[in-house]
Amino acid sequence: MKRRLAAVAVAVATVAALAGCGMINAPEATAEKTPATAQPTPSASGAGRIGESVKDAGDIPDPCTLLSKGEVRELTGREISQIDEDGASSGDAARFCQWQQPGGQLAVFLARTTESDFTVKIAEATPVDGVGEEAFALAGHLYVLYGTVSIDVYSRGDSEDENLAKAKQIAKVLMRKI
């Protein structure tokens with residue numbers, strides 16, 4: 001179990017690092033593709049439509065559709081210079097979106113999990129109160145359990161405490177939309 005979580009953490013960190021360096025790039029990720037207001041993406045299963053939660057079942061939504069550009073600017077206090085989409089398909093078990101920002105970055109990763117997998121203790125993890133059913137911080141990421149969805153928010157550009165406070169606010173906004 002620890003190996004699996006460590007592998008996931010390494011994969012997430014690698015994707016974040018590569019995207020932050022511009023090595024992973026979605027050239028089609030432009031303002032025209034980003035909706036003015038975030039709307040859940042409909043899925044074949046029906047989950048994810050407006051008014052339906054995928055908290056416990058259904059397709060994981062595209063995080064790029066959950067936060068508008070305005071929300072990202074408001075929540076982080078920074079402009080957006082580039083949006084990196086995952087290019088995944090509806091029904092994929094994990095999704096991510098990254099908003100590159102001058103002097104910072106916001107990355108959101110969503111995946112299905114179980115409570116037992118999520119709560120496997122990692123020695124370096126710090127428990128975080130006030131968000132989700134369970135939450136912990138590790139290596140600059142805030143991991144939040146919301147039903148069977150693992151929300152990983154990485155906000156960079158401020159002090160460690162400010163980044164965590166912003167990540168908590170972002171996670172709370174995401175939970176209302178998942």
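## Aromatic pairs

Three aromatic pairs are present in the structure, where rings of Phe, Tyr and Trp (its six-membered ring) pair if their centres lie within 6.5 Å. In the pair F136 and Y143, the ring centres are 4.9 Å apart and the planes meet at 20 degrees, so this pair is stacked; planes under 30 degrees apart count as stacked, over 60 as edge-to-face and the rest as tilted. Both F136 and Y143 are buried (under 20% relative accessible area, with exposed over 50% and partly exposed in between, using a 1.4 Å probe and protein chains only). Together with F118, these two residues form one aromatic cluster.

## About the model

Please keep in mind that this is a predicted model, in which local features need pLDDT of at least 70 and side-chain atom pairs count only at pLDDT 80 or more, while totals for chains, interfaces and linings use all residues. Residues are numbered from 1 along each chain as its sequence is written, and side-chain values use heavy atoms, with hydrogens and water left out.

## The second largest pocket

Let's turn to a pocket. The second largest pocket holds about 210 Å³ of space, and its lining consists of 16 residues, with A137, G140, H141, E160 and L164 nearest the centre. Two or more lining residues come from each of β4 (126-127), β5 (134-138), β6 (141-146), β7 (149-156) and α4 (160-177). The largest share, five residues, comes from α4. By type, the lining has nine nonpolar, five polar and two charged residues; Ala, Val, Leu, Ile, Met, Phe, Trp, Tyr, Cys and Pro count as nonpolar, Asp, Glu, Lys and Arg as charged, and the others, Gly among them, as polar.

On a 1 Å grid over the protein atoms alone, a pocket is an open set of points where a 1.4 Å probe fits, with protein on both sides within 12 Å along at least five of seven lines, and lining residues have an atom within 4 Å of a point. Grid points are joined across faces, edges and corners, and the volume is the space filled by probe spheres set on them.

## Helix α4

Helices (H or I, at least four residues) and strands (E, at least two) are DSSP runs, numbered from the N terminus. With 18 residues, α4 reaches 26 Å from its first C-alpha to its last, close to the 26 Å expected at 1.5 Å a residue (1.5 Å times one less than the number of residues). Its buried residues are N163, A167, I170, A171, V173, L174 and M175. These pack against α2 (69-76), β3 (104-112), β6 and β7, with contact meaning heavy atoms within 4.5 Å.
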